[in-house]
Amino acid sequence: MIQQQQEIVIEPPLYFAKDHLFDLNFHPFQDVVCCAQVSGVVNILKYSSDDVVEIAAFTHHQQSARISQFFRDGQHLITASKDCSFAILDNNGKMVLHQLKAHKHAINALKQLNDSIIATGDDTGNIKIWDLRQNKCVFKVKEAEEAISGIEIDSSNNLLLSSSLDGYLSVHDLRFQSTNEKCLYAKSDCMEEELTDICLVKNGQFVCISTSEGNLLLFKWDYFGDFKDRIIGHPNSIDSICKIDEHSIITGGEDGLVRGVSVFPNMITGILGQHEDNSYFPITKIVVDRTQKIAASLSHDSSIKFYDIADFVNKRKSAKVQVNETEFEYTNKQTQKEIDMEGESDNDSDDSDDNDENDDDDDGKQKKQKSLKTKNLQQSITNLKKQKIKQFFDKM
């Protein structure tokens, strides 16, 4: 096991906004966050271990601002609102684009697909793809009846995944026109609970979706009809999830607690913090900064809470190394056992050639017995590997 030195991170103090907050995101390169308020104001805040100060405020939306995100290059800010519009501003606060009437209903989700393409989803289940170079909608679909809660894209930028509050996961193939029946790649059964957020884990092999019943549903890639596995243990709704790495996420729950979660093996590894001591305001958004040392959350008390998660991240990195070493060790043992048994089977086969043909039935029985022993050995190794991994995580 790799020994990690514990890092000392002093998280910024609690920050209270003037109005209720809808969205929060970190800058990709600076100690800066953007947040969207119910009043329509979008704030830019600079944080340090000593203070959180406002450095800019934008009032271009007529109704509540629901989304505020920095572009991946850090040079632009994109916002969306209940007024059905989205806007892009540069570092100087200059309006680059303001797409009025982008939707007929309030925009509730937004995903940057690349530097010039974004996807937006509204309160009635409509999803649109926008080409910012042409300033127009190039793709439009509707598979949900209620609000789109989250949007994701696969590594090839071909399949668009969306979760909705009516309990469906939808997957659309962007290589086909929205009018083509092949555009709808897959749609899950109704989960009979609200799907609140979405992310890809395990290098895109699984889709992780949080629900209003406190479950994390894991859909295996290309098997989107129903979830393959789920992680239980949250007592109430999970309103937001944030991916740390391919086998770890953190969650923000209705009970006001931030939890660390392991994906395969599936378990809640611990509570990382509470939005405010002695109060249980629900966490509506949880995000992590570029260093993966600080997380931040929003709640109904109009505050932003920062958390030190460096210790959790370091433990998860150590866990990944340990699990990989364990899998390698037992895989080698399993392979060696199979080779040895194959060798024994070959020797028995050579010996049987010297016997009479009447011994064929006995040989068949022996092969069946050896095959059964091999299967039992493989199952024992699998169970032992799971036990060793579980013991490791129980020590965390």
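Begin by selecting residues 86-90, which form strand 8, together with residues 95-99, which form strand 9; the two run antiparallel and are joined by four bridges. Strands are DSSP runs (E, at least two residues) and helices likewise (H or I, at least four), numbered from the N terminus; two strands pair if DSSP finds at least two bridges between them. Within this pair, Leu-89 stands opposite Met-95 of strand 9. Now select the turn: strand 8 and strand 9 form a hairpin with four residues between them, and Gly-93 in that turn has a positive phi of about 85°.

A note on the model is in order. It is a predicted model, in which local features need pLDDT of at least 70 and side-chain atom pairs count only at pLDDT 80 or more, whereas totals for chains, interfaces and linings use all residues. Residues are numbered from 1 along each chain as its sequence is written, and side-chain values use heavy atoms, with hydrogens and water left out.

Next, display the whole chain as a cartoon. The protein chain contains two helices and 28 strands. Of its 396 residues, 47% are buried, where buried means under 20% relative accessible area, exposed over 50%, and partly exposed in between (1.4 Å probe, protein chains only).

Select Leu-24, Phe-26, Leu-45, Tyr-47, Ala-296, Ile-304 and Phe-306. These have the most contacts inside the largest nonpolar core, which has 16 residues. Such a core is a set of buried Ala, Val, Leu, Ile, Met, Phe, Trp, Tyr and Cys residues joined through side-chain atoms within 4.5 Å. Strands 2 (21-26), 3 (32-37), 4 (42-47), 27 (294-299) and 28 (303-308) each supply at least two of the core's residues. In soluble globular proteins, nonpolar side chains tend to be buried together.

Move on to Asn-215, in the loop between strand 19 (206-211) and strand 20 (216-220). Is Asn-215 buried or exposed? Asn-215 is buried, with a relative accessible area of 11%. Its side chain makes a polar contact with the side chain of Glu-193 at 3.4 Å; a polar contact is a pair of N or O atoms within 3.5 Å, where, within protein, one must be able to donate a hydrogen and the other to accept it, and residues adjacent in sequence count only if both atoms are side-chain atoms.

Finally, select the cysteines. The whole structure has zero disulfides, a disulfide being a pair of cysteine sulfur atoms within 2.5 Å. For Cys-242, the nearest cysteine sulfur, that of Cys-199, is 8.1 Å away.
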